[in-house]
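Student: Please take me through this structure and, for each label, set the value against the definition before you conclude.

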Amino acid sequence: HDFTGLTPDTTYYGYVSTSAAAGYMLTDFKATLAEAPSSPAFSQVAYSSFVFTWAAGANPSRTRYQYDISTSPSFSPAYQGAGPLGTVTITNAAEGTTYYARVAAESAGGQGPYSATLGSTSTLSVPATSTSIIGVAFSSVTVGWAALPPSPQDQTAESYALIASTSPAFAAPLYSSSTAAMAQSTLTVTGLSADTTYYFEVETLNWNSVPDISFVGSAAT
């Protein structure tokens, strides 16, 4: 006989009887598989750490979880962990590196299905260093920095961006210039107003286009 509508990660006992008067005999017991966790997400992504979270769904609070973190979408190799939790903080991650994550729930009946693989996230890239304002004109400013190497991934970035604003909080309007050439060490923003103070920052963007920001300073055109 098939039974439906059972609770995930729960042990059920089976009894049989030839009649109610004859009493019931325990024949077997089984635990249902846990449900695949839902809503996996990355958050608090930093240089060498990030947080991986998920929701229990219909699983009871006692359910344990097996999570895999890897730089490979095939999860080989993978960092693995387990526990009765819905969030884990990954530390000692490589800078500017793409990570993949998935999680499965475990029960006495065995491991349930994995959540859908959570795409990927990249830790923040190495920040720009030795930044300086190296040229000021009527309507443009040039900023320089120490160029990053083209590789390996944890020592470089996807692109640079130079951002300018008349606000020290970098409120709009913003002026920008960018390049994907890692060997480049200068950018120029144009279209600025004459005799106006601007503030500047250099961004190194990771593989998800999330910037690591280095404040440069200010200059008046």
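Student: Where is Glu201 found?

Tutor: Glu201 is found in strand S16, residues 197-205; strands (E, at least two residues) and helices (H or I, at least four) are DSSP runs, numbered from the N terminus. This is a predicted model, in which local features need pLDDT of at least 70, side-chain atom pairs count only at pLDDT 80 or more, and totals for chains, interfaces and linings use all residues. Residues are numbered from 1 along each chain as its sequence is written, and side-chain values use heavy atoms, with hydrogens and water left out.

Student: Which side chain of opposite charge is nearest to Glu201, and how far away is that side chain?

Tutor: The nearest one belongs to Arg102, 36 Å away, where Lys and Arg count as positive and Asp and Glu as negative, while His and the chain ends are not counted. A salt bridge requires a side-chain nitrogen of Lys or Arg within 4 Å of a carboxyl oxygen of Asp or Glu, and Glu201, although buried, has none. Glu201 does touch other residues, among them Phe170, Ser214 and Val216, not counting residues up to four places away in sequence; contact here means heavy atoms within 4.5 Å.

Student: What makes Ser214 buried rather than exposed?

Tutor: Buried means under 20% relative accessible area, exposed means over 50%, and partly exposed lies in between (1.4 Å probe, protein chains only). Ser214 has a relative accessible area of 10%, so Ser214 is buried. Ser214 has its place in strand S17, residues 211-220, and its contacts, not counting residues up to four places away in sequence, include Pro127, Thr131 and Glu201.

Student: How do you know that Asp68 and Arg102 meet in a salt bridge?

Tutor: The N to O distance between their side chains is 3.0 Å, and the pair is therefore a salt bridge. Asp68 lies in strand S5 (residues 64-70) and Arg102 in strand S8 (residues 98-107), so the pair ties together parts that are 34 residues apart in sequence. The structure holds 1 salt bridge.

Student: Are the two partners, Asp68 and Arg102, buried or partly exposed?

Tutor: Asp68, at 0% relative accessibility, counts as buried, whereas Arg102, at 22%, counts as partly exposed.

Student: What else is known about Arg102, and what ring does Arg102 lie over?

Tutor: Arg102 lies over the face of Phe75, at 4.3 Å from the ring centre; the definition asks for NZ of Lys or CZ of Arg within 6 Å of the ring centre and within 35 degrees of the ring normal. Phe75 has its place in the loop between S5 and S6, and its phi is near 60°, a positive value in a residue other than glycine. At 8% relative accessibility, Phe75 counts as buried. In that loop between S5 and S6 lies Pro77, which a cis peptide bond, with omega about 0°, joins to Ser76.

Student: How many aromatic pairs does the structure hold?

Tutor: The structure holds 10 aromatic pairs, where rings of Phe, Tyr and Trp (its six-membered ring) pair if their centres lie within 6.5 Å, and planes under 30 degrees apart count as stacked, over 60 as edge-to-face and the rest as tilted. The rings of Phe52 and Trp54 have their centres 5.2 Å apart and their planes at 50°, so this pair is tilted.

Student: Why is the pair of Tyr67 and Tyr79 called tilted?

Tutor: Their ring centres are 6.4 Å apart and their planes stand at 45°, so the pair is tilted. Tyr67 lies in strand S5 and Tyr79 in strand S6 (residues 79-83), so the pair ties together parts that are 12 residues apart in sequence. These residues belong to a cluster linked by ring pairs, with members including Phe52, Trp54, Tyr67 and Tyr79.

Student: What makes Gln44 exposed?

Tutor: Gln44 has a relative accessible area of 63%, so Gln44 is exposed. Its place is in the loop between S3 and strand S4 (50-55).

Student: How many helices and strands are there in the protein?

Tutor: There are 0 helices and 17 strands, and 38% of the 221 residues count as buried.
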